[in-house]
Each structure stands twice: as structure tokens, then as C-alpha cells.
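Trainee: I have a new model to read. Where do I begin, and how do I get from overall numbers to single residues?

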Amino acid sequence: MMRVWKTLLVLAVLGISLAAAALLVRVEYAPFPSEAELLNPQRRPFDTAYDVLGERVPHADVPQLKATRAGLAHLSRENGAIQVTPALVQLGRDAFYRETFGNEVFLSDVMGLLDGAMTPWAMTKSLLSLAGGSTTNLELTLARDVRLGDRVLAKGTVVPTGLDVPAGSLLPLGVKMVWDKGRLRAGLTCAACHSTVDAATGKVVEGVPNTDLNVGLMLALASNTSAYFTHVGVKDPTALAGPDAATVTARDGQPVPLPDPAALEALVDGQFAAWPPGSFDSTIDKVNNPTSIPDSFTAEAHPYGWSGFALVGPFRGSSMLSNNVHALNADATTSAQAAPDVLGLDTEVYLALLLRGAANPDFRWDPAGGAPPSAVLAAADPTPESPALVSAARMPTFPKVTYVSTDSLLLSTPGLPVWEKVNAMSAFQETLTAPLPPLDPQAVQRGARVFDRAGCGACHAGPALTNNRILPVAEVGTEPSRAIALAATEKALAPSLMIAPSAPFPMPAEPRVIDVPIPTEQLDQLALGWAHRGTQGGYKVKGLVGLAWTAPYLHDSGVAVGPDADRQLGLPGTLYAGVTPDPRNSLRALLDRDLRAKVVAANRADARAQTTHATGEGHPFWADAAAGFSPAEQEDLVSFLLSIRQAAPR
């Protein structure tokens with residue numbers, strides 16, 4: 001009997017020790033495919049030795065520059081020079097798949113991504129059901145009833161996530177799970193949106209948009225989607241407050257009434273659920289207008305972003321775009337200090353709206369608790385060196401907006417120079433090439449001649465088939481709301497200053513500051529990209545690399561046609577119906593005014609497309625019968641467009 005008691009005592013002590021260890025340990029995992037698991041392992045060569053705030057310095061020019069003192073200064077990290085090496089590219093690939101900069105804290109602790117109807121157990125069961133196989137669309141079973149606008153999804157309903165799982169993977173691409181001090185969190189990396197699994201081979205395709213990623217639905221299933229309200233059409237949540245509403249004390253000492261949490265959550269959930277798969281709203285203009293997830297074939301494809309707003313800074317704006325995605329788009333607390341200028345909301349009011357329904361009680365603000373929302377956030381914040389929950393350095397202009405950073409933050413990893421990983425991801429993405437579909441070489445050659453005769457090269461010229469310009473929205477003719485999405489930032493615009501790439505993170509008290517030069521011609525383009533100076537904004541001329549992988553087309557995803565071109569028209573006939581848009585048929589709709597008219601009509605008849613400002617109209621540049629082109633010539637032109645796999649070397 002004594003031996004039994006001793007055994008039980010040892011087991012009890014061991015169990016307590018393991019439980020205590022679980023509260024202290026940190027474990028994280030995100031899928032990282034090997035080169036052998038890629039469909040497009042080929043890399044685009046480029047002869048850039050240094051990037052100096054977007055200026056390229058080829059290897060051939062380096063010896064001459066290094067021969068002078070001025071040249072050495074030009075290539076110094078103190079002056080913004082980033083040396084592009086194989087090691088930097090490899091760091092960028094690793095970060096592309098594994099780096100979240102801590103966005104799992106906002107997504108899990110505040111938004112409650114794992115605390116709603118999409119639970120960890122639901123994902124685990126779905127992954128186990130694959131039995132080691134792959135999928136391009138992980139389906140999950142809802143853990144509870146969910147109301148999404150006028151729809152009710154009952155507990156047990158199977159919903160598509162669009163998450164891609166490579167064969168043998170423990171998690172979907174781009175999903176990072178973190179177990180830290182007894183709490184499970186889910187974060188997202190670049191790969192969630194910008195890589196996919198090829199259904200035919202099961203291999204990973206790097207750099208292509210995940211065109212069926214159901215971001216809106218997954219956000220709507222979170223427990224506190226209200227924390228992301230600025231990305232949909234809720235102009236002023238405080239206007240929804242009733243007569244007996246709880247209040248928050250603004251920074252001027254005045255009480256401000258708050259909306260009923262359940263009512264706000266229901267309103268926001270319904271709007272997120274209307275997003276077409278493969279779309280994301282990158283702005284906080286409080287208009288529900290998501291844009292197509294872009295590809296990552298960034299070489300020679302500047303400026304970046306649908307409007308070309310990412311134009312200056314390292315890698316010609318590519319680093320600025322990545323910084324925006326992982327900061328402003330992945331952590332709503334990054335906008336707290338700028339909220340009065342950009343959103344017209346007091347900082348404490350804004351944080352109250354974010355934190356009142358936080359999933360983690362440590363982050364939850366209680367109107368009756370006495371402490372202001374900012375104090376609750378500060379007490380729970382795991383990154384005190386950063387002004388937000390993500391790991392980031394303050395720029396000298398914080399919290400003002402600059403043309404180098406939409407929130408005056410530089411996403412950083414402790415122990416590395418500021419923006420090291422962001423710049424590394426830019427270097428990596430410039431090496432990506434798109435796989436090619438099977439095509440008739442003669443049709444491609446004929447199509448290239450049609451491309452020239454149709455005048456497409458007037459805009460789609462250069463190594464990536466873009467003239468690297470931003471055009472006024474009236475000239476492009478597409479749905480206009482996205483062109484003015486950044487207009488409100490002009491009220492908070494500051495000079496474009498940034499920290500030198502050599503600065504460590506956490507930063508010293510007085511890091512070296514660089515004044516980013518912006519020529520007049522670029523300022524004129526930025527005025528269009530940001531809808532500043534009284535303009536109505538504009539849209540960038542998109543590069544044409546990888547079109548075989550990027551259907552549907554246009555910034556609003558509206559030009560979509562399925563394999564059945566007679567019936568599967570627009571978003572209601574494709575993405576909303578779970579049908580993958582066919583690249584060839586969708587490109588024909590881009591070029592043929594009669595087919596496009598049917599697509600636009602289908603979109604206009606759908607309430608979800610109306611909610612998300614998706615029409616498929618605009619870009620009236622035709623290669624159809626009315627323009628003098630035969631059906632055969634049109635098909636050849638489509639073949640040529642599908643054949644473009646990488647930017648030509650300069």
C-alpha cells in the first residue's frame with residue numbers, strides 16, 4: 001500500500017510540474033515548405049547589389065562607387081542602403097512563411113479569432129480528416145449558431161475557409177499557432193494570402209494570391225469582430241448608442257455613449273460576411289470596399305497597392321506595403337493615437353470600441369471598471385517597447401501619417417535592425433516567378449501581335465508589362481470608392497522621415513533619422529495614389545505577370561467568369577457560389593464588352609456585391625468584334641496574357 005501511495009504522489013508531483021511548465025513554455029509553429037515542395041522553385045535573377053531608398057545599385061556599379069568617399073556614404077546603411085544578398089533573400093522567405101510580428105495577440109486576445117464559431121478543435125478535426133493529404137479549401141464545422149446579417153448558420157454547418165493545406169502539414173499555409181504561458185493564439189503570415197496549393201499536383205505555389213481565401217467569413221466568425229469595424233461600412237459606432245448606453249470618458253473629460261456591443265457585432269459581422277473570397281480591405285476609411293488580394297510578383301511592378309500608394313522608400317515602396325499589411329491591417333491598436341485625425345474618434349473612445357468585447361479578460365475594458373481603455377491596454381500589452389500590440393518601432397513622426405508608413409511604425413524584430421525582416425521580404429518577393437499553364441506557343445506569338453495592335457502596350461509596357469504609373473480614377477473608369485480610400489490621411493500627413501536601417505531594435509534614444517527624398521513627379525503621383533490635393537484618387541497600372549493565377553480581375557474582383565461562361569457570371573456565379581473563376585473566360589470578360597456587360601449586370605443584381613462596392617465595371621479597353629478583332633484573335637490575345645511568368649531583366 002505504501003508503494004502505491006508513493007507512486008501516486010510521484011505522479012501527482014509530475015502532473016503539477018508539467019502543468020506549471022506548460023504555463024511558462026512558449027511553442028510556436030507555422031508551415032515552411034521546402035524547395036522540393038514548390039511548383040515554382042525557379043528564382044528570377046536580378047543584378048541589384050544595393051537598394052538605397054528605392055534606388056537600385058547594380059553589382060557592376062559598386063566598385064566605382066566604393067572608390068570614392070561619397071560612394072561609400074551612398075552605400076552605407078546609415079543612409080538607407082540595403083545590401084541584397086542570398087542571406088537576405090533567405091531571411092525574407094523564412095519571414096514570408098513564419099513571421100507575424102506578434103499579430104496573433106490582436107487577432108486572438110482582442111478579436112477572438114479562436115473564441116467564436118471557428119474553434120481550435122474544429123480546425124484540428126478538419127486537419128485530421130485530411131489524413132495527411134492536401135487541400136485548397138479547408139472546411140470547418142461551426143461550433144455554434146451564427147447570425148451573419150440576414151443569414152443564420154446553424155451549429156454543425158460546414159463552411160469553406162479557403163485555407164490551403166500542403167500534404168503532410170500540421171497547419172494551413174500562413175497560419176501560425178503560438179502556445180504561450182497557457183494560452184493558444186493564432187496569427188497570420190504573408191503566406192496565408194500570397195501562396196496557395198496547386199490542386200493538380202499538391203505542391204505549393206509561392207507568390208500567387210489565395211483567390212478563395214474566405215477572409216471576411218473567418219473574421220465574421222470571431223467573437224469580437226467589432227474590433228475591426230473601421231474596415232467595413234460603420235461610419236460612427238457611437239451614433240448607434242441608445243438612451244441608456246454605457247459611456248467612456250474621452251480625453252477631453254466628456255462622457256461619450258457607446259453602442260450596444262451585441263448590436264454592433266451583428267452589424268459588423270454581416271458586412272464582413274459579404275466580402276468575396278480572395279479579397280481584403282486594407283484601409284480604415286469605414287467603407288466596405290475590399291480589394292483583390294494581390295500577387296507577390298513584385299519585380300519591376302512598382303508602385304504597389306491597388307492605388308499605387310506604396311511608391312517610395314526601400315524597394316520602391318514594396319517594404320512600405322508589407323509594413324502596412326502587418327501593422328495597420330493586422331492590429332487595429334496601431335491606429336489608436338491617430339484616430340482623432342484619421343477616424344474622427346477620440347483615442348479612448350476608439351479603444352473602448354476595440355476592447356469592450358476582447359476575448360482575453362486581461363485586454364477587456366469594462367465601462368464600470370474605472371480605468372480608461374488605454375490603461376487596460378497598456379497593462380496587458382506584451383510589447384511595451386512598441387506603441388501597439390505588434391512589435392514595431394516608432395518613426396520620428398509618430399503618430400502622424402507619412403508616405404513611407406501609413407501609421408508611422410516600422411515593424412521590427414528584437415535583436416535585428418529595424419525593418420530588417422520587412423526589407424528581406426521585399427528582396428525575396430522580387431525573386432518570385434509564376435508557373436505557366438499549358439499553352440500553344442504559336443497562339444502566344446500571335447497573341448503578342450494582337451497585344452501590340454490593340455494598343456495594350458500604351459500602359460502595359462516595361463519589364464513587368466506596366467508603365468509604373470498611377471492613372472486618375474476617371475481615366476480607368478473602375479468603381480471609384482477605393483481610389484479615395486486614403487483621402488482622410490491628408491489631415492494627419494507629416495514629412496517622410498524614417499529610421500536608418502542600421503538602427504537596432506529596440507531603438508536607442510536618438511536613432512539616426514533619414515529624410516526620404518520625394519521628387520516632384522513622385523509627389524504628383526502620390527497625390528493620386530492617396531487622393532490628396534483635392535484629387536479623386538487613382539489606380540495603378542497593374543503588371544501582367546502571373547495572370548494565369550490571379551483571376552478574378554480588376555481591383556474589386558468583379559471581372560469573374562466560371563468554367564461555364566454562359567451561366568457562371570460575376571461574383572454571384574463564381575466566388576459567392578464556391579466556383580473558382582476561370583482565368584481564360586475571365587480575361588475574355590475583361591476584353592469583350594458584351595460579356596463584360598453580363599458580368600456587371602450579375603454583380604449589380606447581388607446584394608453582397610453592392611455591399612462591398614464590387615461591380616466589375618471600368619477599364620474600357622476592348623479587343624472584341626466592335627473594336628475590329630475576331631474571336632480567334634481575342635483567344636490568341638488571352639493566350640499571350642496567360643503566358644507572362646516573370647518580369648524581364650533590365
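Mentor: Begin with burial. This is a predicted model. Of the 650 residues of the protein chain, 57% count as buried.

Trainee: What radius of gyration does the protein chain have, and what would a compact globule have?

Mentor: The protein chain has 25 Å. A compact globule with 650 residues would have a radius of gyration near 26 Å, so the two agree. Along the principal axes, the C-alpha atoms fill roughly 90 × 65 × 65 Å.

Trainee: How many helices and strands are in the protein chain?

Mentor: The protein chain has 22 helices and 22 strands. Then ask how far contacts reach along the sequence. Take contacts between residues at least 6 apart in sequence: 71% of them join residues at least 24 apart.

Trainee: What does the surface look like in terms of atoms?

Mentor: The protein chain exposes about 25600 Å². Carbon and sulfur atoms supply 59% of that area.

Trainee: And charge: how many positive and negative side chains are there?

Mentor: There are 50 positive and 63 negative side chains. The centres of the two sets lie 4 Å apart.

Trainee: Take K176 and E28. How do I read that pair?

Mentor: Distance comes before location. The side chains of K176 and E28 meet in a salt bridge at 3.1 Å, N to O. K176 lies in strand β9 (residues 175-180) and E28 in strand β1 (residues 26-29). They are 148 residues apart, and the pair links distant parts of the chain.

Trainee: Which residue forms a salt bridge with K542?

Mentor: D295 does, with the closest N and O atoms 3.0 Å apart. Both partners sit in loops. K542 is in the loop between β22 (538-540) and α18 (570-573). D295 is in the loop between β16 (291-292) and α10 (318-326), and the two are 247 residues apart. D295 is buried, at 15% relative accessible area. K542 counts as partly exposed, at 32%.

Trainee: Where do D341 and K400 lie?

Mentor: D341 is in helix α11 (residues 339-342), while K400 is in the loop between β17 (392-394) and β18 (409-411). They are 59 residues apart. Their salt bridge has its closest N and O atoms 3.0 Å apart. D341 counts as partly exposed at 30% relative accessibility, and K400 does at 33%.

Trainee: Which residues do salt bridges with shared partners join into one network?

Mentor: R26, E28, E104, K176 and D180.

Trainee: What does A49 touch, not counting residues up to four places away in sequence?

Mentor: A49 touches V57, P58, H59, V62, I82, Q83 and V84. A49 and A60 are 11 residues apart along the chain, and their C-alpha atoms are separated by 8.6 Å.

Notes. Residues numbered from 1 in each chain as written. Predicted model: local features only at pLDDT ≥ 70, side-chain atom pairs only at ≥ 80, totals over all residues. Heavy atoms only, no water. Helix = DSSP H or I, 4+ residues; strand = E, 2+ residues; numbered from the N terminus. Rg over C-alpha atoms; globule rule 2.2 N^0.38 Å. Buried < 20%, exposed > 50% of the residue type's maximum accessible area, 1.4 Å probe, protein only. Contact = heavy atoms within 4.5 Å. Areas by Shrake-Rupley, 256 points an atom, 1.4 Å probe, with all protein chains shown as cover. Lys, Arg positive; Asp, Glu negative; His and termini not counted. Charge placed at Lys NZ, Arg CZ, Asp CG, Glu CD. Salt bridge = Lys/Arg side-chain N within 4 Å of Asp/Glu carboxyl O.
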